Amino acid sequence: MNGGMALRTMVKNRTSHEKNAAGRRGFLKSLAGSVIGSIEEIRGKPQMSLADLGQVPDDVIRIMVPVFNEFHPCRISDRHLYAINRKTGEEEMIRVLDEAEQMVFDVLDGVRTIGEISRETARRFELDEDEAYRRTKSFFIYMAQRMICLPSQAHREGADPA
């Protein structure tokens with residue numbers, strides 16, 4: 001009986017240690033990101049978090065190219081979006097997609113911009129271009145804030161949007 005108790009304690013302690021190590025790695029990544037962001041701010045390059053993506057002007061969002069984040073995999077089944085835990089393989093259903101969102105998800109190819117995707121959405125679903133853009137942008141921001149899909153590169157002030 002004591003052997004069983006020791007085994008559970010040992011497994012519990014190992015799990016706690018692994019969680020602490022993962023927490024430290026996450027902290028160090030976060031710290032490194034903050035330091036790099038601060039250096040860029042000092043160099044005169046404004047920084048913004050993904051949580052603030054909704055504050056970005058539409059002309060900038062329209063030229064963003066969304067790409068899937070390999071560190072936060074997901075899948076769709078029967079218009080249900082599932083986030084996949086890379087370590088455990090467990091899936092969590094996080095959203096039921098409408099037809100337009102399903103199409104947006106299907107055409108995310110790392111090449112097309114949000115503007116191009118929204119025009120395709122307008123054409124396929126016979127939507128007003130402003131409505132199609134609003135819906136495409138909203139879904140992109142939802143995915144970005146969950147780290148599933150991200151802008152492929154940062155916007156640079158004065159860059160040619162073409």
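This is a predicted model: local features need pLDDT of at least 70, side-chain atom pairs count only at pLDDT 80 or more; totals for chains, interfaces and linings use all residues.
Biologist: In what order do the elements of the chain run from the N terminus on?
Modeller: The chain holds five helices and five strands. Buried residues make up 27% of its 162 residues. From the N terminus on, the elements run α-α-β-β-β-β-α-α-α-β.

Biologist: Which strands stand at the edges of the open sheet?
Modeller: The open sheet has three strands with antiparallel pairing, in the order β2-β3-β4. Neighbouring strands are turned by 30 degrees against each other on average, with direction ignored. Because each edge strand has a single partner, one side of each is left without a neighbour in the sheet; the edge strands are β2 (74-77) and β4 (91-96).

Biologist: Over how many bridges do β3 and β4 pair?
Modeller: Within this pairing, alanine 83 stands opposite glutamate 92 in β4. Histidine 80 likewise stands opposite valine 96 in β4. Strand β3, residues 80-84, pairs with β4 in the antiparallel sense, and the number of bridges is five.

Biologist: What is the bridge partner of arginine 75 in β3?
Modeller: β2 and β3 also pair in the antiparallel sense, over four bridges. In β3, the partner of arginine 75 is tyrosine 82.

Biologist: Which residue takes a positive phi in the hairpin of β3 and β4?
Modeller: The hairpin of β2 and β3 has two residues between the strands, and there aspartate 78 takes a positive phi near 50 degrees. The hairpin of β3 and β4 has six residues between the strands. In this second hairpin, the residue with a positive phi, near 80 degrees, is glycine 89.

Biologist: At about what angle to β2 does helix α3 run?
Modeller: Helix α3 comprises residues 99-107. This helix lies across β2, β3 and β4. Its angle to β2 is about 135 degrees.

Biologist: Which element gives the most residues to the largest nonpolar core?
Modeller: This core has 24 residues, and those touching the most other members are Leu53, Ile61, Met64, Leu81, Phe139, Phe140 and Met143. The elements giving two or more residues to the core are α2 (58-61), α3, α4 and α5. With seven residues, the element that gives the most is α5.

Biologist: Which residues of α5 are buried?
Modeller: α5 has 17 residues and reaches 24 Å from its first C-alpha to its last, close to the 24 Å expected. At its start, a side-chain oxygen of aspartate 128 reaches to within 3.0 Å of the backbone nitrogen of aspartate 130. Just after α5, methionine 147 takes a positive phi of about 65 degrees. The buried residues of the helix are Ala132, Tyr133, Thr136, Lys137, Phe139, Phe140, Ile141, Tyr142, Met143 and Ala144.

Biologist: Which residues are in contact with leucine 81, leaving aside its neighbours within four places in sequence?
Modeller: Leucine 81 is one of the core residues that touch the most other members. Its contacts beyond those neighbours are Cys74, Arg75, Ile76, Glu92, Met93, Ile94, Arg95, Leu97, Phe105, Tyr142, Met143 and Ile148.

Biologist: Does leucine 127 count as buried, partly exposed or exposed?
Modeller: Leucine 127 has its place in the loop between α4 (114-125) and α5 (129-145). Leaving aside its neighbours within four places in sequence, leucine 127 is in contact with Thr121, Ala122, Ala132 and Arg135. Its relative accessibility is 24%, so leucine 127 counts as partly exposed.

Key
Residues are numbered from 1 along each chain as its sequence is written. Side-chain values use heavy atoms; hydrogens and water are left out. Two strands pair if DSSP finds at least two bridges between them. Axes are lines fitted to C-alpha atoms, for helices over the stretch in contact, and angles run from 0 to 180 degrees between N-to-C directions. Contact means heavy atoms within 4.5 Å. Buried means under 20% relative accessible area, exposed over 50%, partly exposed in between (1.4 Å probe, protein chains only). A nonpolar core is a set of buried Ala, Val, Leu, Ile, Met, Phe, Trp, Tyr and Cys residues joined through side-chain atoms within 4.5 Å. The expected span of a helix is 1.5 Å times one less than its number of residues. A polar contact is a pair of N or O atoms within 3.5 Å; within protein, one must be able to donate a hydrogen and the other to accept it, and residues adjacent in sequence count only if both atoms are side-chain atoms.
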